[in-house]
Amino acid sequence: MRYLVNNLLSPTDRVESLSGSLDFATMLLSVLLLLVVVSGAQTAYYGIVYTYSAGDIQQDALPTLNSFKLSFSSCEEFDSQLCDGDCSVLDLYVIDESRGEWCQKEYIVNIPDTVLSIFDAGADYLLLSANWTENRNGIVSMATAPLIDLRNRSDINKPNSSPQTTILPLLRVPSNCQRNINLLVSDPDGDTIRCRYAASPECETCTPPSVLSVSPSCTLSFSPTNSSDEGPYAVQLVIEDFPRQTITLTNSSGSQEVKTSSDVISEIPVQFVFRVDPAAPSCTEGLYLPRFLPPTPENGAQISSNVNQILEISISAEATQAVITELLFSGPRNVAKSSSESGNFTLTWTPSAGDEGLSHTFCFVVQA
């Protein structure tokens, strides 16, 4: 059984700006074409979390970091489908894997100098890729349509960054246990964040899971159900950001557009598998379902970390009527996990210069 906890980490040290040049339009297109190649294969896709972060404008250039967290049924399949088994040429990092179930990797596209003139308006790119793993709500082909807008904002005098979040490729709940899962989302620009199910063209088949509801405040709610509803479901979410006040977006040629608090700025896809397992003997945490113990950080805790300084997150859990087997997590690249004894784990991470000024979300579960 698994239980969800999130944790927000914010590196704070300052670092000098990057230099160099690259046409972002060409780079992003190559990423999308790379994903499209996967669509012809019989894959077992488990989800994606796409986010982007924009730095400060430097003359006519803009440092931009794009993160694609993709998940397939195994790391071997991931490499085989994405890059024919040789991923050495890609900026690709293993996040974590659950043997025999899923593997999540992050593909980083770090653009030191994005040419601003190509963003004369909000950019809407369509991603079409792999086939979903088997699911009860009949979702076959993966599709997303993230909305990216890098025009200069009048309120912060820099371009927009998308909401930041992460999630495990597979969330599991017993069919007889009520569960509310609060997705931890943050916005670097302080915008209002809302969650919803994807709608065409953000998905090819958009049938939401019948056993799960999502609120605008990003809470996933599951109520006890019948054994006939057990099994995996494909979840296709969209997370949006809205300015808290009226702002003006200006492109490189000086053209402007006004956005009110009712107007969306960016939209990012968050997709994963939600599995309803057979009923547990008890829904009380700490018996068959793991219960977190101190010093595990509270859900939503915010921790500041400095560049090039080691951060350790200690996690402890118990299940008196079951055996705790492993910790699974999703977070930034280069996180190491270890265990000392039953129910005690440590996540270790050292923020690099590229993490300066960014917020990263940790999502972890303990399985028993």
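Strands are DSSP runs of at least two residues, numbered from the N terminus. The model shown in these close-ups is predicted.

**View 1. A cis peptide bond joins Pro 294 and Pro 295.** Omega is about 10 degrees at this bond. Pro 295 sits in a loop, with strand E21 (291-293) and strand E22 (301-305) on its two sides. Most peptide bonds are trans.

**View 2. Ser 200 and Pro 201 are also linked by a cis peptide bond.** Here omega is about 5 degrees. Pro 201 belongs to the loop that connects strand E14 (192-197) with strand E15 (212-214).

**View 3. Phe 222 and Phe 274 form a tilted aromatic pair.** A pair of aromatic rings is described by the distance of the centres and the angle of the planes. For Phe 222 and Phe 274, the centres are 5.8 Å apart and the planes make an angle of 55 degrees. Planes over 60 degrees apart would count as edge-to-face, and those under 30 as stacked, so this pair falls into the tilted class. Phe 222 comes from strand E16 (residues 219-222), and Phe 274 from strand E20 (residues 266-277). The pair therefore ties together parts that are 52 residues apart in sequence. Phe 222 has a relative accessibility of 1%, so it counts as buried. Phe 274 is buried too, at 0% relative accessible area. A search of the whole structure finds 9 aromatic pairs.

**View 4. Four aromatic residues form one cluster.** Its members are Tyr 45, Phe 72, Phe 78 and Trp 132.

**View 5. Arg 194 lies over the face of Phe 242.** The distance to the ring centre is 4.2 Å.

**View 6. Asn 157 has a positive phi.** The angle is about 55 degrees, although Asn 157 is not a glycine. Most residues other than glycine have a negative phi. Asn 157 is found in the loop between strand E10 (152-153) and strand E11 (158-159). Is this residue buried or exposed? Asn 157 is exposed, because its relative accessible area is 58% and the cut-off for exposed is over 50%.

**View 7. Asn 334 is another non-glycine residue with a positive phi.** Its phi is about 65 degrees. The loop that holds Asn 334 runs between strand E24 (326-330) and strand E25 (336-341). With a relative accessible area of 53%, Asn 334 is exposed.

Conventions
Residues numbered from 1 in each chain as written. Predicted model: local features only at pLDDT ≥ 70, side-chain atom pairs only at ≥ 80, totals over all residues. Heavy atoms only, no water. Phe/Tyr/Trp six-rings, centres within 6.5 Å; stacked < 30°, edge-to-face > 60°. Helix = DSSP H or I, 4+ residues; strand = E, 2+ residues; numbered from the N terminus. Buried < 20%, exposed > 50% of the residue type's maximum accessible area, 1.4 Å probe, protein only. Lys NZ or Arg CZ within 6 Å of the ring centre and 35° of its normal.
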